[in-house]
Each structure stands twice: as structure tokens, then as C-alpha cells.
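Q: Could you take me through this structure, please? I shall ask as we go.

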Amino acid sequence: MTQKTYIQSYITIQNNEIVLNGDSIFKIEPTDFADFSKQAYRHFEIQYPKFFKMDALSKLAFLGSELLLSPLVSADQENNIALVLANKSSSLDTDVKYQESISDKDNYFPSPAVFVYTLPNICLGEISIRHQLKSENTFFIFDAFNTEFLSNYSNILLNTNKADVVLCGWVEFFNDSYKAFLCTISKEENTKYKNENINTLYNK
Amino acid sequence: MIREVYITETNCITPLGFDVPSNISAIVHGDSGIQRHEDASLMPVPFYASIISNEKINAAFEKISSTKYSRLEKLMILALEPIIKNSKVALNSKTAFILSTTKGNVTALKVDSEENFNNAHLDVLAQNVADFFQFKTQPIVVSNACVSGILAVSVAKRMIQSELYDNIFIVAGDEVSEFVLSGFNAFQAMSDSPCKPYSKNRTGVSLGEATAAVLVSAEGEKAKIKVIGDSSINDANHISGPSRTGEGLFRSIQNALQEAQINASQIDYISAHGTATPFNDEMEAIALNRLDLQKAPINSLKGFYGHTLGASGLLETVIAIESVNQNMLFESKGFDEIGVSETINVIHKNEEAKIKYFLKTASGFGGCNTAVVFEKVKHELH
């Protein structure tokens with residue numbers, strides 16, 4: 001009863017560049033992620049001021065999902081798009097910053113606005129809010145991108161009708177080093193990537 | 001035909017005991033792990049929390065290993081060790097290992113060194129625990145805030161149904177740390193007395209620490225319970241507060257019931273999240289009323305264990321399974337006068353009850369929610 005599923009679109013964000021379905025759509029001179037993400041936000045004319053309150057991991061996941069989901073999501077109907085993301089460093093980039101805010105007892109300023117981002121799944125919440133996705137979401141951690149697992153798990157969600165589309169991928173951010181690879185998968189036939197799988201696309 | 005999925009082994013390590021029978025006996029007696037602590041290394045002011053004593057952990061751990069492990073790793077190994085041994089399941093390519101946690105070894109960040117930083121990684125924590133038992137498959141870490149423990153059951157069920165694995169061991173665990181205490185305190189979410197889920201005078205959470213472990217299996221011969229429906233739907237509303245309408249929880253329960261092919265009226269017991277924050281408990285009451293589940297007996301075990309974050313969903317499932325198999329509803333400790341705007345049937349005192357179906361729910365930061373429906377297993381007498 002297992003139905004075949006197809007990769008519909010994919011996006012890679014790394015080294016100051018965004019590549020959508022194999023085409024470079026945004027590239028700038030080397031800079032830090034804060035600057036890169038701000039420039040990308042402006043370049044794609046995204047109107048979402050909450051973006052600037054997010055931590056770096058959420059910004060990274062947000063930018064990738066924005067470009068993949070915007071053509072798919074319509075405001076006047078339910079969009080059953082599951083979110084299945086993974087990384088290695090969890091929310092450690094923000095965890096380390098939060099830890100610094102409580103380590104020095106003479107300079108003890110735990111901030112709720114920072115603390116909330118000390119969870120890797122917050123980026124799933126941000127994407128869900130942005131696209132109004134009342135859908136399945138899970139965040140996994142692996143030592144490296146486990147494409148086989150994520151692909152299997154996405155297929156389970158599609159084959160058990162828990163989702164119509166799955167946005168799955170890898171969003172890794174630590175200390176200004178980043179890589180995002182996201183793709184949309186569904187049962188709708190798409191021969192464009194028939195000789196590819198998540199692993200080959202990720203390593204392109 | 002989709003495979004049936006069971007939980008066949010359970011265990012938990014908490015301040016109330018280092019196995020399931022001792023925990024149940026403490027709950028029956030009304031004991032709580034929550035105590036007042038004065039420990040400046042954890043909080044500048046005194047606080048209430050449910051904390052496991054280091055002496056007990058080390059005494060128990062010495063019996064199984066002399067290798068150096070972090071405190072949380074010891075607690076996780078202690079939870080898994082007897083069930084792996086007892087199950088006699090071969091740790092081969094068809095046996096997976098899921099570790100679920102909210103913050104893992106975050107305490108390692110306190111002292112700045114490369115080794116400590118490495119140990120704060122959740123994949124390193126999972127590999128350390130996996131290597132102790134020599135699992136052959138790569139560990140899977142679920143880190144989805146406070147639904148992690150119960151979401152892991154849902155993930156395991158799905159993977160067994162798809163026949164990727166035949167057996168999946170899950171361990172869930174979190175510690176009380178300065179990191180988490182300061183964060184909940186910064187949110188002004190901490191109770192100044194032991195937490196009182198669903199009560200009028202509730203003022204917030206008491207944090208707790210625990211580990212729990214289960215074996216999820218396609219083999220039902222020794223089943224303690226059957227897993228029959230599950231769903232995890234995001235509120236899509238706010239990253240640090242629940243939806244006022246309980247939308248994500250409502251939809252999660254609705255989907256789980258639908259998959260289980262039962263009606264809300266057939267639910268005999270709800271083991272809910274009940275953190276005792278004003279907004280969470282109110283949201284749950286609203287979601288349950290929207291589903292016509294307001295008459296089902298409900299408890300939160302946070303009054304016994306505090307909020308054990310990523311461990312809570314699995315720990316509370318382990319206790320709920322005992323409720324079902326011992327035909328006993330346990331009191332929702334700390335509850336006095338109803339303090340949510342819509343009616344729910346909070347369990348006042350321990351009582352006998354026949355339970356066929358029960359529902360476990362959890363909700364957490366990021367707008368996440370999980371609901372899982374379980375069915376009692378009737379064992380044929382040979």
C-alpha cells in the first residue's frame with residue numbers, strides 16, 4: 001500500500017548563497033549571517049517584522065521555508081504541510097549566549113526573549129505561525145544529516161495521510177557557520193528529480 | 001494490514017523511586033517529590049522542585065558500571081538497563097533507539113571547555129547512552145520541547161508500523177538545572193509553592209527531573225498496552241504561549257481519536273499535561289470541552305514529579321499504563337478548587353476504575369502539542 005513519493009522542490013542556503021532547485025537565486029560577498037540574512041530578507045521583499053526578533057537558527061529555517069512554501073500555501077484554505085527538520089547543534093548557538101547571561105552572578109540577566117529560543121523546535125513554531133500551518137511537526141537531532149531517516153519518516157507521514165506535503169531537511173547553525181537544506185515531498189508525480197534523492201541533492 | 005504496536009516494558013527513575021512499583025506505591029500514599037530547595041548554585045533564591053539525590057544515583061549506578069558518565073547519562077542508563085535485560089530483545093538492525101530530551105546535558109555549558117561543549121550536544125549524549133548498551137543502529141534524538149517524551153512514542157509507533165524496525169527502546173530524560181530554572185523564572189512561570197495543576201490558586205510550575213524508558217514493539221505477547229492513535233499538531237499561534245482556543249491540542253486529540261477509531265465518549269481516563277501555569281491549564285480545559293471530553297476523569301502528575309520537561313510525557317505514560325492495569329485512577333496531586341473557566345473532571349482522590357482506553361496529552365513551547373490514544377490489552381489465558 002506504500003505509495004511512491006516525489007521531491008517537488010529543494011533549497012540550499014550556505015556560504016552567503018541561496019540555491020533554489022539548482023539555480024543560484026541570491027549571492028553576496030562574504031559577510032556574517034546576521035548581515036546575509038537581513039540582505040536576503042530585503043532582496044526577496046519579505047514583509048514580516050517578526051523575522052528580526054528570531055534567533056539565527058529560526059532565521060535560517062524561516063528563509064528556506066519562505067521561498068519553498070510561499071508558492072504552495074494559500075491563505076484561503078487549510079494547508080496540511082508537515083514540518084520535519086533536523087540538525088546537529090540543536091539550539092546550542094543560543095544556549096551558549098543564554099548561559100553567558102546567567103554565568104556571571106554580578107551580571108545576571110536571564111532574558112525570556114533569549115530563553116525561548118533555547119529549543120530547536122522553536123523554528124518549527126515560527127514557520128507554522130508564518131504560514132498558518134496547523135500540522136505535524138517534529139525536530140530531530142543527528143550527528144550528521146541522516147537523509148535515509150528523514151526520507152523514511154516523511155514517507156510515513158505522507159502514506160498514513162498525516163500530511164499532504166512534508167517540508168523536511170537540515171538546518172544547522174552554530175557560531176556563524178550554517179547550512180540549510182530543505183525540500184518539499186509529496187505523492188504528486190514529479191519526474192524532475194526522479195534520478196535524485198535527498199542525499200544526492202544535499203551533496204550537490 | 002497495518003502492524004499493531006505495543007508497549008511491552010516500562011521503567012522510570014524519579015525522586016519517588018528507581019523502579020515502577022516504588023513510584024506507584026509512593027503515588028498511592030500521596031507522596032510528592034517536590035521539596036523546597038536552597039541551593040545558590042541553582043537559583044539565587046529558595047525554590048520548589050522535584051530533585052533526585054546524587055547519593056541515590058551514584059549508589060544505584062555503581063552496581064552496573066564504574067565508567068565515568070554525566071549525571072543525566074547515569075539516570076538514562078539506569079532507566080534503560082533493566083528493560084533491555086528483561087526484554088531479551090536482540091540489539092540488531094531491526095532494533096532502534098530513540099532518546100528524547102528538551103535540554104540534555106546543558107549543564108555541561110557551565111564550565112567553558114571544548115570537552116564540555118562537545119558533551120552538551122544531544123547526539124553525543126545519545127551516542128554515549130547507545131554505546132553503553134551497544135545498539136547497532138544510529139540513535140535518533142527527538143527534541144521538541146515539552147512534548148518530546150510522548151512524541152517519541154508516536155515516532156516509534158509510526159516507524160514500527162512502516163516495518164522499518166520491530167522494536168524501539170525509548171529513553172526520555174531531563175534534569176533540573178540553573179539554565180532551566182532561571183529561564184522559567186525569567187518568564188515568571190515558577191510557583192512559589194508546590195504546583196497546583198487546574199486549581200484556582202495555581203501560580204505556575206514546579207520543575208522536576210526524571211528519566212523514563214519503554215520498549216515499543218510489534219510483538220504483543222508481553223504487551224502492557226496497545227498504541228492505537230497519535231497526532232502532533234502545532235498551534236501556529238505563538239512561540240511561548242499556548243493558543244487561547246487550544247487549537248493544536250484540539251486537532252491533535254481529534255486526529256488521534258480518529259486513527260484509533262473511537263469516540264471521545266469512550267475515553268475512560270486522560271493523563272494530561274497540566275503544568276499549573278494559568279494559560280496552559282486553561283487552554284487544556286478549553287480544548288477538552290471542544291471535544292466533549294469534559295467528563296472523562298483527568299489528572300496531571302506534575303504535583304508528584306514537577307514538570308520534568310522532555311521526560312514528562314513518557315514518565316506520565318508509564319504511570320498511566322499502571323493506572324490501567326491496576327484498575328486505579330490516581331489523584332491529581334495539588335488540586336483543590338477548580339480554577340479553569342470550563343468544566344473538567346479532575347480526579348480528587350485515588351479510586352478504582354475500569355479503564356479500557358486512555359488519552360495522553362502534552363503541549364510545549366513552539367506551539368507544539370501531542371496526543372496519543374492507548375488501549376488496554378486483554379491477555380488470553382493459556
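Q: How many residues does the contact take from chain B and from chain A?
A: The contact takes 39 residues from chain B and 40 residues from chain A. Two residues are in contact if their C-beta atoms, placed from the backbone, lie within 7 Å. This is a predicted model, in which local features need pLDDT of at least 70, side-chain atom pairs count only at pLDDT 80 or more, and totals for chains, interfaces and linings use all residues. Residues are numbered from 1 along each chain as its sequence is written, and chains are lettered from A in the order in which they are written.

Q: Which helix of chain B gives the most to the side that touches chain A?
A: Helix 7 of chain B does, with 5 residues. Elements that each supply at least two residues there include helix 5 (122-133), strand 5 (140-142) and helix 8 (247-260) of chain B. Helices (H or I, at least four residues) and strands (E, at least two) are DSSP runs, numbered from the N terminus.

Q: And by class, how do the residues on that side of chain B divide?
A: They divide into 19 nonpolar, 15 polar and 5 charged. Ala, Val, Leu, Ile, Met, Phe, Trp, Tyr, Cys and Pro count as nonpolar, Asp, Glu, Lys and Arg as charged, and the others, Gly among them, as polar.

Q: In which sense do strand 5 of chain A and strand 5 of chain B pair, parallel or antiparallel?
A: Antiparallel, over 2 bridges; two strands pair if DSSP finds at least two bridges between them.

Q: Which residue does Ile141(A) stand opposite?
A: Ile141(A) faces Val141(B), in strand 5 of chain B.

Q: Changing topic: how is chain B divided into domains?
A: Chain B has domain 1 (5-217) and domain 2 (228-375), with bounds from an automatic or database domain assignment. Their centres, taken over C-alpha atoms, are separated by 20 Å. The contact between them takes 58 residues from domain 1 and 51 residues from domain 2.

Q: Which helix gives the most on the domain 1 side?
A: Helix 6 of chain B, with 8 residues. That side of domain 1 has 29 nonpolar, 22 polar and 7 charged residues.

Q: Where is Gly169(A) placed?
A: Gly169(A) is in strand 6 (residues 165-174) of chain A. Leaving aside neighbours within four places in sequence, its contacts include Leu85(A) and Phe181(A).
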